[in-house]
Amino acid sequence: TDWVIADAYTFECNFNGGFYYVPAKDIEKADTLWRKWATWLYGRRDDLFETKAQQIHVDQVSFSMMLAESKFDYQVLISNNNCPIHRSTKQRLFDSSKEVSMLHYHRSLNCFGLLETKLSINPIVDKAIEKINHAISEKKDFQFFKQFNKSFLKLAKNTEKTRVFEEKLASLRSKVVDRKIILHAGTPKTGTTALQFLLDEKHDELLSQGVLYPKYYLDINPPKHQWLVKLLNQNNFDGIFSYLEKILNEAEEKGVKKIFLSTEGIYNHWWDFSSEAKEVLKLISKYFNFELYIVFREPNSFLESFYKQNLKNPQNNSAKCYGKEMSFEEMIKDEWFIKHIDYLSFIQECEVLFGKECIKVFTYSNDINLMILKELKLILPENKKERRENIGQSHIGVELLKVVNRFNLNAKDKKYVVKTLKQMDDVFDNYLKAPLLNENISTSIERLFSLQLNTLEKEYKLSFRKKDE
């Protein structure tokens, strides 16, 4: 092994099994002895290895035993020829005068299909990782990526609590028959606020067209069904059932078959939900005629807008970027934040949970809410009272918010301060405008997203390319 680890020793012929070079004249003998010892070890694996995790190294240990029996001459290659990137430990045999010719990535890929650099302590290795990431992102068709991406999915888990929830749902079977729940799950910054105000204000018109937009909002503004997100985060499945029962009773009383729920918090906190919580959503889709609506926005503009919203939000333990004094460059390096452009993982996981036929995806545009209304087969009069609650912050407004975030204001005070800053920002904006995204940041985001782009276009008809591309 090439790691420098205090008081850790092994046989000198116990090589990193990622790459071996065997001369052609020795192949036949090496093959026979390597198979012999691998078979011998595998048959005694439970006795000879302390843990299941160690058993995956049968091939490496048997190679060492082959060398011991064969008396082959051998030597250790410099680690530039097989450079591991999954630990930050210094390597003894790394030659700083040479480039890296092979990377041993050891599962150190992120959900975007690119190699991670966070454990590297060597600028030469960083350069090699950058080179291979550039090559990967240039590929137009990377079949490996979609299948690999599925290995990250956090699937639902059936427990005693979820079984109790299912029993309760089953008791409502007569009220559920032929009723459809449409869950509009976001994403954030895609016109959700305007849609929620519209549906709330046109509640009666919706009822007349057979759609219920339930007025259960947890006393928040805008009028969205945030109770679902809150209770999922708390694993409070009794609370979710209570809301569903009220909504079903109202739908039955009003004689409507469609129920429309909207909260972008579903997408925003998707990676915070437990496997149990996702099982509850799966059960809801099982007992109802269920559809999931999700709107995706071009990644650069989404992250810029989402960054500003994170600055505006009060601090929150479950979303560590909320209300923090962070630059855009700092925030896009945060794993929770950047995960929000992992559109493909979200779609794939929802397909597993709900079935591919239940997922409806939209590309964000200025008329996105008209598209959703059309999908619902709804005709609503024009909304004369324009609602623009989530107006973007200018560059100066962002800097002011970062100063405010040095103080952990409560939600009420933060809302007041943000509103006041917006009024100041409108004045400052006339004097200076500077974009948050410089060319380097924009290129970095585009590269990160590049493998998803092709799959999303080809399989889900989602396109974020500019018209001249």
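**Close-ups of aromatic rings**

**View 1. Lys29 places its charged end over the ring of Phe72.** The distance to the ring centre is 5.6 Å. A charge sits over a ring if NZ of Lys or CZ of Arg is within 6 Å of the ring centre and within 35 degrees of the ring normal. This is a predicted model, where local features need pLDDT of at least 70, side-chain atom pairs count only at pLDDT 80 or more, and totals for chains, interfaces and linings use all residues. Residues are numbered from 1 along each chain as its sequence is written, and side-chain values use heavy atoms, with hydrogens and water left out.

**View 2. Arg45 lies over the face of Tyr42.** Here 4.1 Å separates Arg45 from the ring centre.

**View 3. Phe290 and Phe354 form a tilted pair.** Rings of Phe, Tyr and Trp (its six-membered ring) pair if their centres lie within 6.5 Å; planes under 30 degrees apart are stacked, over 60 edge-to-face, the rest tilted. The count by this rule is 28 aromatic pairs. For Phe290 and Phe354, the centres are 4.9 Å apart and the planes meet at 45 degrees, so the pair is tilted. Phe290 is in strand S6 (residues 289-296) and Phe354 in helix H18 (residues 343-354), so the pair ties together parts 64 residues apart in sequence. Helices (H or I, at least four residues) and strands (E, at least two) are DSSP runs, numbered from the N terminus. Phe290 and Phe354 are both buried. Buried means under 20% relative accessible area, exposed over 50%, partly exposed in between (1.4 Å probe, protein chains only).

View 4. Phe302 belongs to helix H15 (residues 299-312) and Tyr343 to helix H18, so the pair links parts 41 residues apart in sequence. Phe302 is buried at 0% relative accessible area. Tyr343 is buried at 0% relative accessibility.
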